[in-house]
Amino acid sequence: MVSLEEAVRSAVEQGHAELTRLDDITDDLVGAFAQGQRVAPSSSGLITRLDDFARGFPAGLRRHLDRERESLGSFNIAFFGRSGVGKSTLLSVFGRLDGEYVSPWGASDWTTEARPIEWRDCRLFDTPGINGWGRTESRDVLEDRARNAVEIADIVLLCFDSLNQQAMEFEKIAAWVRDHGKPAVAVLNVRNARWRHPAKVPEARRRNLSESVRQHADNIRTQFVQIGLPDTPVVAIHSRRALFARAATPFRGPAQEGFHHEREEFGKDYLDRWSNFGTLERLIVASIAEGGAELRLTALREDIRSRCRRGVGELEDLAVEIEQEVESLEREVESLFAVLGYPEDTERAEWLHDAALSADLVDVSEQARGRPYTPPVNGALDRFVRHLAASHFAGCRRQAKANVDDLIRRAFEAGPRQSRQVMPSRAKGRVLSRA
């Protein structure tokens, strides 16, 4: 059978491989955005927002992958439960620690902050007892750290003991577990030193003790249904016996005399077998083998997809706003051309040439919109000025024509000889031409 260490190592290797693949995708995305970035600054606030997005989105995705690299670089187990139920003992069993981390049995609130313990390819997150949140730090701070532990955990262990099975206290944690789709296991730490101890307890008596433990487990299952975790498995263990079996030496935990005595009397294999810790270990191995490893990768992929979908939505919103601004600017340009007239080549070369783009701005605009502007070369302003000039000079023109007509009349009345004196030479030319 695959050991826990081997299963964890395989899951971590898969995580590294997935991160490499996502790194390559992100690199392609960064390159695509870099190609589309403008060199020259834009006066448009929307284009500035687009440029900021093109720089910020891939960089944010990269930072997120770097944070996930830390999580996927290890297999993460989070421990939750009331003070004194044996979380630190259980964590020390997993990590095969020397017992120094374990609180004196009977003491409460030994753990005062959420912190990870490194063990080979694992990170084990111990958390303060949920009944003691807020004793040394604000409850909001500890809840935030606890939620973060659930978010990055690959499996969540909800710890009880045979003196307390208040699963309703886990209601908030259960909501986090559901929100993040994390697998959870309930661990029942049996306090009775004679439970599963065939060397000291006859079989009939052991059956009675097991029945009591079974009732505790059923109570936990019933309450888990009420907080929305109906399929959570419950595993009963004797955490102290498991610690005595697996702790590193020299042992620095509580009850050092009992540790040495039980190891000498019963041996590590006996203590390990009858602690039932192996059942919990096999359950975690099965969880990893039957989808737990893929679950962590699926969660990462879905998170990346969610971030990309949000990015696509932001780009689509920007595209709509930019399209509206473009249409407004096009109407403004058409309006200006209608007033001023469609610019001729000499005018465009002098006034509408962009040195940064090495292009005619009218050509750029027409290519972008897919059709030319249609106003005539002589715009409304030209026609208006001509009409205005004509209206202003109409009186002068009428007077000039009246004067010419008067001169012609007087010339005819005076006769040919005197008409030479009456009519200026230019007027005579006009008269003859009109004649």
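**Helix packing and a surface patch**

Modeller: Let us begin with one residue of this predicted model: Phe384 lies in helix 13.

Biologist: Which residues form a nonpolar patch on the surface together with Phe384?

Modeller: The patch consists of Leu336, Val339, Leu340, Leu381, Phe384, Val385 and Leu388. Together they have about 610 Å² of accessible area.

Biologist: Which helices each supply at least two residues of the nonpolar patch?

Modeller: They are helix 10 (277-340) and helix 13 (380-422). Helix 13 gives the largest share, four residues.

Biologist: How should I read the packing of helix 7 and helix 8?

Modeller: One starts from the angle, since values of 65 to 115 degrees count as roughly perpendicular. Helix 7 (residues 239-246) packs with helix 8 at an angle of about 75°, and their axes are 10 Å apart.

Biologist: At what angle do helix 8 and helix 9 pack?

Modeller: Helix 8 (residues 256-266) and helix 9 (residues 268-275) pack at about 100°, with axes 6 Å apart. Helix 8 is therefore roughly perpendicular to helix 9. Here Glu262, Arg263 and Phe266 of helix 8 meet Lys268, Tyr270 and Leu271 of helix 9.

Biologist: How do the residues in the contact of helix 8 with helix 9 divide by class?

Modeller: There are three nonpolar and three charged residues, and no polar ones.

Technical notes:
Residues numbered from 1 in each chain as written. Predicted model: local features only at pLDDT ≥ 70, side-chain atom pairs only at ≥ 80, totals over all residues. Heavy atoms only, no water. Axes fitted to C-alpha atoms, helices over the stretch in contact; angles between N-to-C directions. Parallel < 35°, antiparallel > 145°, perpendicular 65-115°, else oblique. Contact = heavy atoms within 4.5 Å. Nonpolar A, V, L, I, M, F, W, Y, C, P; charged D, E, K, R; others polar. Patch = residues over 30% accessible without salt bridge, like charges linked within 9 Å, V, L, I, M, F, W, Y side chains within 5 Å. Areas by Shrake-Rupley, 256 points an atom, 1.4 Å probe, with all protein chains shown as cover. Salt bridge = Lys/Arg side-chain N within 4 Å of Asp/Glu carboxyl O.
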